[in-house]
Amino acid sequence: MKADQLSIFLENRAGRLAEVTKILSEAKVNIRALSLADTSDFGILRLIVSDFEKARDTLKKEGFTVGRTTVVAVEVPDRPGGLHNILDMLQKEGINVEYMYAFVQQSGNNAVIIFRFDRTDQAIDILKANNVPIVPGPTLYNL
Amino acid sequence: MIFDPEMETRPREDLEALQTKRLKALVERVYANVPFYRKKFDELGIKPNDLRGLENLKDLPFTEKQDLRNNYPFGMFAVSKENIVRIHSSSGTTGKATVVGYTRRDVKNWGRCMARALGMAGVTSQDLIHNAYGYGLFTGGLGVHYGAEELGAAVIPVSGGGTKRQVMLLKDFGATVICCTPSYSLFLAETAKDMGIDFRELPLRVGVFGAEPWSESMRKDIESKLGLMALDIYGLSEVMGPGVAMECHTAQNGLHIMEDHFLAEIINPETGEQLPPGEVGELVITTLTKEAIPLVRYRTRDLTSLNTTPCRCGRTLARMNRIMGRSDDMLIIRGVNVFPSQIESILVETEGLSPHYQLIIKRKGALDSLEIEVEVDEPIFSDKIKNLQLLETKVQKNIKEFLGVTAKCKLVEPKTLERSVGKAKRIVDLRKL
């Protein structure tokens, strides 16, 4: 039910992001979704990729600091209140969303949103109990 | 004004005779009372009686800052605790600071040396001294304070910080002399300008500046912005504090060393060989009169040269030139001594940060800023911004707590820091002094 996200430490300077996309492109790794969080000095690039191991090993070899983060890809109905219902059920159980970002591709009629929870396993249990569809990692990477 | 004409204008032969007598007594004292020196002398096969004159000084062993650290806190003291009346200490991580003690006579001598120094700056009992050196463990504040009182001048113990208030006090009290670090003097002038006060219109006429390296161009800058005569003072806590040497206002060319208390040599920092007057090398000081913590041939790591020619002011005391640099990697940031190794140990103690770091020192306006760039490796990396920011804050807090200096910590990618032949370049000093 979980998915692997590649997190990359980047300095805030021109051309750094392009460096990552170039390396992944040459390794023939497809970027499925991304989010970038930054401060004035540094940023963290978060990626869902078609081949996690390959992307990680290649970037590591090029000297980047990378990490594996466990995230959950949740199908969210593409209509008003769709996201709110999900956030509401999690909030009632005291689950905290560290960050989230949208997946480019839809799954059927549903949008796909990547969540980083503070308590991943409990979050998954709650979503399952409420019949919220979760996209498993291998499906997600090739959606 | 010459505060102590007998000592300050003594013919050099007489001075050397006095130094010889005091050096002999010192060597006997340390051999009898400080196990560290007894061991060193024994290892070299030197007996106190072997010393005939100043020409034998070169045979005596050196003392290093590390020796003081190894004997932390009181291992180098030559007197029992009941004779100590004061303790000072330099910055350092726990257990690594250098601690110095003073007997009643040491404090008295220090005050007299500092009074002489103020006299060299043309300060008299008529003056009002604004003392913005830090009061506390740092020797600057109290050192100047006792000297001012010894001289009979009035002293305002402002200490450091509260810059706007300082400007207000300078204006309201009308101090005629200011003592602080040279960079702080410029910061004061800038702050005053922002407050609509022109420093040049204040009654200040002399500045006694020290505790950090500065230059002739900085002197000109200070003199024009502050409208006073800027003079250089030298001292270090290990041998006493401020007042070891001071520039006279008459010649404004070199700092007179209080040679009846401090025997100065210049050595080649690589070989340890003595160098003749005029040649640049490392200043080595032997404390001739210190009772609590006498030091034989203490290596200051400060680079300068000596000038024994007579001075226009009438003093016979030799002059040392402005400090030109260091023979080790010590940095002086806003008057605080910082060794890269101290920063390294703080980084390692902070959540096991990698020892790959670089120190960038800049001078923004008048004040030094220290930036520590630390490489982010996998063990400390997080996908959450707040975790990384917390790490930066922790480093800054620990640096402030242990070293007493404000620094900015910046996380950088691995291997972005300049490495020369596999060895990282640790220090980038962008200050133009």
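**Notes on local geometry, packing and contacts**

1. B:R334 is placed in the loop that runs between strand 16 (331–333) and strand 17 (336–338) of chain B, where helices (H or I, at least four residues) and strands (E, at least two) are DSSP runs numbered from the N terminus. Its phi is near 50 degrees, which is a positive value in a residue other than glycine. B:R334 counts as buried because it has 20 C-beta neighbours inside 10 Å; the term buried asks for 20 or more other C-beta atoms within 10 Å of the residue's own, exposed for 12 or fewer, and partly exposed covers what lies in between, with C-beta atoms placed from the backbone.

2. On the basis of the model, this is a prediction, in which local features need pLDDT of at least 70 and side-chain atom pairs count only at pLDDT 80 or more, while totals for chains, interfaces and linings use all residues. Residues are numbered from 1 along each chain as its sequence is written, and chains are lettered from A and ligands numbered from 1 in the order in which they are written.

3. A positive phi is also found at B:A211, again a residue other than glycine, with a value near 75 degrees. B:A211 sits in the loop between strand 6 (206–209) and helix 9 (216–226) of chain B, and it counts as buried because 27 C-beta neighbours lie inside 10 Å. The peptide bond from B:Y72 to B:P73 is cis, with omega near -10 degrees, and B:P73 belongs to the loop between helix 4 (65–70) and strand 1 (84–89) of chain B. As background, most residues other than glycine have a negative phi, and most peptide bonds are trans.

4. In chain B, the axes of helix 5 (residues 104–120) and helix 6 (residues 139–151) come within 7 Å and cross at roughly 75 degrees; axes are lines fitted to C-alpha atoms, for helices over the stretch in contact, and angles run from 0 to 180 degrees between N-to-C directions. Helix 5 of chain B and helix 6 of chain B are therefore roughly perpendicular to each other, given that angles under 35 degrees count as roughly parallel, over 145 as roughly antiparallel, 65 to 115 as roughly perpendicular and the rest as oblique. The residues of this contact divide into 10 nonpolar, 4 polar and 2 charged, where Ala, Val, Leu, Ile, Met, Phe, Trp, Tyr, Cys and Pro count as nonpolar, Asp, Glu, Lys and Arg as charged, and the others, Gly among them, as polar.

5. B:E375 is part of strand 19 (residues 367–375) of chain B and counts as buried because it has 21 C-beta neighbours inside 10 Å.
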